[in-house]
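Here is a short report on charged pairs and a surface patch. Look over the structure, then read on.

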Amino acid sequence: MSAVTDRPGQQPDRPAPPARGRAAATGTVPPGRFRRRLTVAFVLVAGIAAALLAVGSYLLVRQARLADSLDQAGTELRYQLVLAGQFLPLDDARSAELLNSFEGSGQHVLLATGASGGGPSGTPAGPGSAPGPGFTAPAGGLAAAAGAGAPVPSNPDVNPGLAPRLRSLVGAGQLGYERSADRLIVGGRIPGSAAELYVVHPEDRIRRDLAQLRYALLAGWLLVLVLAAAVGHALARRTLEPVGRASRAARAIAEGLLSTRLPVTGRDEFGAWALSFNQMADALQDQLAALAAAQRRERRFTSDVAHELRTPVTALVGAAALLRDRLDELPDELRRPAQLLAGDAVRLRRLVEDLMEISRLDAGREPVAASPVDLLAAVTALVAARGWTDRVRVTGRPTVRHTDPRRLERVLANLVANAVEHGGRDVVVTVEGAGPGATVTVADGGPGIPAEHLPHLFDRFYKADPARTGPGSGLGLAIARENARLLGATLTLDSRPGAGTRARVDLPPAPPALPVPPGPPASAALSASPAPTAPDSPAPSDPAGSSNPAGSPGRPARPADSAGGSGA
């Protein structure tokens, strides 16, 4: 089953994000890492549980086998003590006969005919007392018998040393035992005598059986680990499969495939999750579709208004120009209103042309005509054509880059006009060509821009002045940003209190072959504290806006709005 599904007949409502966004979206934790962690956790739990079970089983079996061996040896010892009583009284001959009798039956014994005395840990046996019903294990390892009554073995090759603790217990009339690595020694007093009989029981077979059990349990534990790893991997993969599908679906939606949905395959938590994801995707698609429709209506409205106003505004500007030429013929009381009328007509024409340019940029009908451009010469010509020579200082070296001169002039005209309007005579334009690209920086010594306005400088129709009394339309930096985007350039603004504003344009070696989709707004660096700003206004130029600085091709350039159309 496919991880994600696309609804047929539906197309994405927006273009895919740029490659940078896709790289950020895919730069996530590898999907197998969490799966490995689940598998390792499953193996650890299964391995610990199996290890505890194996160790517990081994200890129980070992204890049972050793206890059974001890019980059997005790039972036989009581019977053998009774048989040894038939050889009383024990002299050298009868003692030898006793030892030979046990050795002939396959039992290795040790006979101590002298009393060793009761030790402090033993319980002295009274006259005629019988061996106790159970065994008391002496502490310490095997050691050579000491003192009178040293035990005599039935087989010289089997003569283990007896611990004093064992001798003390047996001498006190109790049954005792001593266990070493491969043998069990049990002993007791022969009834009616002070002689002691010790029987040696080999436990090699028990040790071998326990060793085989250890190896079998270890092999079983390793097998459990392998099976747990296989089962854990399969379960983790099965469990995380819906998570992988959801991740791929979310990534597809982020890339613009808004019709992507998750298959709902069950009634469990993952099924509810898939259903909720699909509902979220439906709501997101509907909202984005409504937003796209609203944007289309807004762009259409802007374009229609601009086109409808173009003809009457052109006529109005022509009439205002004639009126301005005859200001000297007007009475004094009509001269000032006539001047205001002529200026407002020019401002209205600029607003209409800005709206038309914005509509063309939104529609993607603005091609890029790239050619080799000397950036230093272009900036110098722009400053001279606008009459800013005495207020703007141009520095740098001749730098030729392949770009669109008209769009570059549109960007730089806005930035320099802002600096001239707000920075006074401390405006410096620097051209730097280090590396394959180039950088044009426009810096002024004005008061700066308040921090709360910086994030909105590139918004359309944004003005810092709430009364909107500035001469600009609020579209200057928005148009500059769009033209910079078409050139593949990066436009940034940085403003610091009391240090003015610094605008920077980073140009690539060449503009992109095709227009790129609209990206995020150009960044504006926030300052530590706000500073006042000046209103935006067009730079000094012919009121009709017919100047064409730097000999740029295309339609005549016009004075640009300042500070992203923001004015105080």
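The side chains of Asp282 and Arg261 form a salt bridge, with N and O 2.6 Å apart. This pair links distant parts of the chain. Asp282 sits in helix H6 (residues 269-325), and Arg261 in strand S8 (residues 260-261), 21 residues apart. The model is predicted.

How exposed are the two partners? Asp282 has 22% relative accessibility, so it counts as partly exposed. Arg261 has 4%, which is under the 20% cut-off, so Arg261 counts as buried.

## A salt-bridge network

How many salt bridges does a search of the whole structure find? The search finds 12. One of them joins Arg179 and Glu203, whose closest N and O atoms are 2.9 Å apart. Arg179 lies in strand S5 (residues 175-179), while Glu203 lies in the loop between strand S7 (196-202) and helix H5 (204-254), so the pair ties together parts 24 residues apart in sequence.

Arg179 is partly exposed, at 25% relative accessible area. Glu203 is buried, at 1% relative accessibility. Another salt bridge pairs Arg407 with Asp404, with the closest N and O atoms 3.7 Å apart. Both Arg407 and Asp404 are buried. Through shared partners, salt bridges also join Arg179, Glu203 and Arg207 into one network.

## A nonpolar surface patch

Val40, Leu44, Ile48 and Leu52 make up a nonpolar patch on the surface. Together they have about 410 Å² of accessible area.

Leu44 belongs to helix H2 (residues 31-84). Its relative accessibility is 51%, and exposed means over 50%, so Leu44 counts as exposed.

Notes:
Residues are numbered from 1 along each chain as its sequence is written. This is a predicted model: local features need pLDDT of at least 70, side-chain atom pairs count only at pLDDT 80 or more; totals for chains, interfaces and linings use all residues. Side-chain values use heavy atoms; hydrogens and water are left out. Patches are made of residues with over 30% relative accessible area and no salt bridge: like charges are joined within 9 Å, nonpolar side chains (Val, Leu, Ile, Met, Phe, Trp, Tyr) within 5 Å. Accessible areas come from the Shrake-Rupley method with a 1.4 Å probe; for residues, only the protein chains shown count as cover. A salt bridge is a side-chain nitrogen of Lys or Arg within 4 Å of a carboxyl oxygen of Asp or Glu. Helices (H or I, at least four residues) and strands (E, at least two) are DSSP runs, numbered from the N terminus. Buried means under 20% relative accessible area, exposed over 50%, partly exposed in between (1.4 Å probe, protein chains only).
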